[in-house]
Amino acid sequence: MKKGYIVVVVAMFALGFFGVKQFLMYPEIERIKTGESVSLVAGQISIVAKGNAENRKLLAALEVQKGQYADAVKSREEASKLLSTDIAGLRLVGGEVVASGTGVEIKIGQSIALPQMVDLVNTLKNIGADAIVVSGKRLVLGSYFTENEGRLYLNGEALPEELVVEAVGEAGLLYDSLLRVGGFKEALNQAGINDVTITKKEKLAVPTSTYKLGSVYAKESK
Amino acid sequence: MRALALGFLYGRTDLARCKIRMRQKMKIPHPHLRREILHRDQLQTGLFLLLISFGVGILVISQLRVKFSNPTHPVSYYAVLKGTLDDLIGEQAQLKAQIAETQNEINKYQLELHDANANSELSGVLKNEKLALGLAPVAGEGLVVVLADAKNASGADETNDSIVHAADLRDIINLLWSAGAEAIAVDDERIVQTSSIDCIVNTILINESKFGSPFRLSVIGNSQKLQDALADHGRLSDFYRRVEGNGIKIEITATKKVYIPAYDGSLGATYLHEGV
């Protein structure tokens, strides 16, 4: 019996030891369960690092532009050239001129809900689309979608039930990102929208935007 | 011996009966019974040990299963990565400050060109283009909307429904544009036409910058129209279901002057070219 008690004491000690260890490890396990794991932090790192690389590029481009402006102040002709180039660039991205470029065309043969449309546009922006056209209408800053009785509207204008969304950007990246496992096509399929065709396009024509964001309340501030 | 003595005292030869009486008196079980009891005790101890061993086994296995891939220390990889992430976020802030400074210097040159009356027309056009695209700071009447996770969200009761998602921000921003918003920023990050709002782990990424709850939306526009749109629960049904059922917070304040900074990133297009 004495031997049995010794075994029980040792076992109880081990039980207590492991119990306490498990308890102390609980916050770590919880952290992993809530997503703060090593691989997810690594994912965050890759995104912030990518953003920083882009910011460095932008800073370099701005430094060049600053140098050009510094020179342009001295010469009216140079100034005019530089200002015209900058205006043309902004008009291009702002949807004020007809444009074109490579990209993808997404045909959705069934009606989709408003959140799905908002998510699709967000996905395309996230992949890096330079311009987005929805059923012939170019999206610009302030463009909005609404839904009424199952029908989608863009900036107050009704969209056809069969949607054609065109995105100008790196065609391969857009195509692969939309079609990858867990990508937007799969998300639509899971929601019962199976009539979705995505095609790479060598050239997409981008019309000018017919929508302009208001400027009644927002005034330039110093 | 005691049984023998009792047998002698009682004058009985039936030693066995004396022994039984003695055992009954002293509560000593019969040898057969004793063996049985001993056997039962051993069985109980054995079962007890078996149960404890089983418990220890479960705990040992749990310990082994939560073992991290890092053989040296379970949290050291995490600590190193978290440190790297913090450094990168610090670098991001530094780069953004440098970009803003350089942009300001360019703006000064552009203003100089405008003021010098040389190319003043072009300078004015450029100024308007920048204003329209969110590349200039603006101020005006509007709203400040604060969205926050439910109070217990960081505790044990956290659920998918008790936190503000990137999708909520996207839906609210889309709704605000539809109600006539003229400029929007989330935590002073200007929303421009290329802005995407995405979720990564438990933070939200806007223009490659990370934000966490609470989210402060600054909106310029007709404050009454904007408020009416936000008050329409039917247009944000999923969000308001979670506000009412899960404690997500939304606070709307109308104000005469909301300041929204300029976008400090690039709007340049790589794949888009003028003309067909």
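## Surface and charge of chain A

Chain A has an accessible surface of about 11,700 Å², and carbon and sulfur atoms hold 57% of that area. The model is a predicted one.

Chain A carries 26 positive and 25 negative side chains. The centres of these two sets are 7 Å apart.

## Fold and extent of chain A

Chain A contains 6 helices and 9 strands. Its radius of gyration is 28 Å, well over the 17 Å given by the globule rule for 222 residues, so chain A is more spread out than a compact globule. The C-alpha trace of chain A spans about 105 × 55 × 40 Å along its principal axes.

Of the 222 residues in chain A, 43% are buried. Among contacts in chain A with a separation of 6 or more, 73% join residues 24 or more positions apart.

## Helix 6 of chain B

Helix 6 of chain B covers residues 166-178. At 1.5 Å a residue, its 13 residues should span 18 Å, and the end C-alpha atoms are 18 Å apart, which agrees. After this helix comes B:Gly180, which has a positive phi, near 95°.

Because 11 of the 13 residues are buried, helix 6 of chain B is largely enclosed by the rest of the structure. The buried residues include the charged-type side chains B:Asp168 and B:Arg170, along with B:Leu169, B:Ile172, B:Ile173, B:Leu175, B:Leu176 and B:Trp177. B:Ala166, B:Asn174 and B:Ser178 are buried as well.

Note on methods: Residues are numbered from 1 along each chain as its sequence is written. Chains are lettered from A and ligands numbered from 1 in the order in which they are written. This is a predicted model: local features need pLDDT of at least 70, side-chain atom pairs count only at pLDDT 80 or more; totals for chains, interfaces and linings use all residues. Side-chain values use heavy atoms; hydrogens and water are left out. Helices (H or I, at least four residues) and strands (E, at least two) are DSSP runs, numbered from the N terminus. The expected span of a helix is 1.5 Å times one less than its number of residues. Buried means under 20% relative accessible area, exposed over 50%, partly exposed in between (1.4 Å probe, protein chains only). The radius of gyration is taken over C-alpha atoms; the globule rule is 2.2 Å times the number of residues to the power 0.38. Contact means heavy atoms within 4.5 Å. Accessible areas come from the Shrake-Rupley method with a 1.4 Å probe; for residues, only the protein chains shown count as cover. The place of a charge is taken as NZ of Lys, CZ of Arg, CG of Asp or CD of Glu.
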